[in-house]
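Student: I would like to go through the labels used for this model. Please set each one against its definition.

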Amino acid sequence: MKVDFSSDVNTSEEDVFVFPASFAQQRLWFFDRLEPGSLQYISPVAIQLTGALDVPALEESLNEIVRRHEALRTTFVMVDGQPVQVIAPSLRWKLPVVFVRSRSHSDRDVQVQNAIAQETQQPFDLSQGPLLRTKLLQLDEEQHVLLLTIHHIISDGWSKGVLVREVAALYEAFSQGRPSPLPELPIQYADYAIWQRQRLQGQVLEAQMSYWKQQLSGNLSVLELPSDRPRPTVQTGQGATQSFGLPTNLSEQLKTLSQRENVTLFMTMLAAFKTLLYRYTRQDDILIGSSIANRNRAEFEGIIGFFVNTLVMRTDLSGNPSFRELLHRVRKVALEAYDHQDLPFEQLVEKLQPTRNLSYHPLFQVWFSLNNAPMPALQLSGLSVSLLEVKSNTAQFDLSFDMMETPQGLIGTVEYSTDLFVPATISSILGHFQTLLEGIVANPNQRLSDLPLLKKSEQHITFMLEKEATFNFDFAFN
């Protein structure tokens, strides 16, 4: 079997290797067949390189990473009605360089974001590949941006960290004429896919499935968030993002509350987010999607691949509990979910067969995650390496909150469906969220309905707007 890659990549003439796809890869493959050319699962990485750059050493670093990680040499075809991984034995990568000329820093930033957007608007062919594209933007003699555009079927958020760290380590060695300092990988992603399928059988599969069938039994209501526009009959996947940050003192107070209540910071933030959704919708059965790295073996930690799994966090908010009581309900649900994290989300959806509706995502419509500290800037010989923020123009869900711990406090990005919301509404939501968090740390014994969403200075303005019937986003403030 042979594969045909683009002109930027040279493949060997040897036969490729074929392995079963993982459950997660299988799901994305079928999504791609249903909607060929979809842009929802294209994941860009932008690496800022400041200093005197050795471009040949960088190109050689990328080639070594592609050699080390079979996932980056993988495409997908159908065999007996099922997708399989097709792994090319070798690829030779060429790094195209694009010169960016600008009159100001702001103009340059716009051009960089435009270049990223252009890359994310180019679909991948999962059967042809490659499923990684690279481009080097030269801004001036000492400013470059390395664009890596990857399809989610061969990568995840954790993989981005692996990729950046390996680029830095290999470049440091190759730019000084030294060999690779990285040890050979103990296993490859294809080994994981085989292990996953062998493990999830019999009693292990039955125990995992039994929990989730019970947890997600009964009526799974759609979260009816107030929106600026009516929900379309078919999701377009179009979206936008807004970034935000919480003050350092508020972030510390949230950590202190978490420690006092014997919960993780994630549990506290998830409970607060559910409180916000409860106040907007008055629904007391709220399901939220969240991710788990799913790298619970040491051998998986250094591999590029699609490991991440989705957990459905379903919480009962009935009875208008205090925030403290809700927090312990969330803790119980989260710990049980972690104990049953091995069941692939794809198998769960297949087993539950929720009502399919092209206007919203099955099982949950809103997403929340809290990640570890971002990777600090890496200082190499004559070069500084850091990640650039990438703005998204797609949205998988109605609303996604992705938060991160930093030394300066909690930061986050909201990705939202532009089918439903306008930017001003998202700004309002972020303001309400911060006010709610301030109320929680001030008195976590307050009932959910009594926690503040508006600052005192805003309450009079809102009252007047509602009185004049011009406030079109009907939040439940009282």
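Student: Why is Glu 325 called partly exposed?

Tutor: Glu 325 has a relative accessible area of 39%. Buried means under 20%, exposed over 50%, and partly exposed in between (1.4 Å probe, protein chains only). So Glu 325 counts as partly exposed. This is a predicted model, where local features need pLDDT of at least 70, side-chain atom pairs count only at pLDDT 80 or more, and totals for chains, interfaces and linings use all residues. Residues are numbered from 1 along each chain as its sequence is written, and side-chain values use heavy atoms, without hydrogens and water.

Student: What makes Glu 325 and Arg 329 a salt bridge?

Tutor: Their closest N and O atoms are 2.7 Å apart. A salt bridge needs a side-chain nitrogen of Lys or Arg within 4 Å of a carboxyl oxygen of Asp or Glu. The pair therefore qualifies. Both residues lie in helix H9 (residues 323-339), four residues apart, about one turn of the helix. Helices are DSSP runs (H or I, at least four residues), numbered from the N terminus.

Student: Why are Lys 255 and Glu 252 separated by about one helical turn?

Tutor: Because they are three residues apart in helix H7 (residues 248-260).

Student: Why is Glu 184 called exposed?

Tutor: Its relative accessibility is 55%, so Glu 184 counts as exposed. Arg 67, at 39%, counts as partly exposed. These two residues form a salt bridge, with the closest N and O atoms 2.8 Å apart. The pair links distant parts of the chain, 117 residues apart: Arg 67 is in helix H2 (residues 55-68), and Glu 184 is in the loop between helix H4 (157-174) and helix H5 (189-199).

Student: How many salt bridges does the structure hold?

Tutor: It holds 19.

Student: Which residues touch the most other members of the largest nonpolar core?

Tutor: Met 269, Phe 273, Phe 368 and Phe 401, out of 70 residues. Such a core is a set of buried Ala, Val, Leu, Ile, Met, Phe, Trp, Tyr and Cys residues joined through side-chain atoms within 4.5 Å. Helix H8 (residues 265-281) gives the largest share, twelve residues. A second, separate core has 51 residues, including Ile 65 and Phe 307.

Notes
Helix = DSSP H or I, 4+ residues; strand = E, 2+ residues; numbered from the N terminus.
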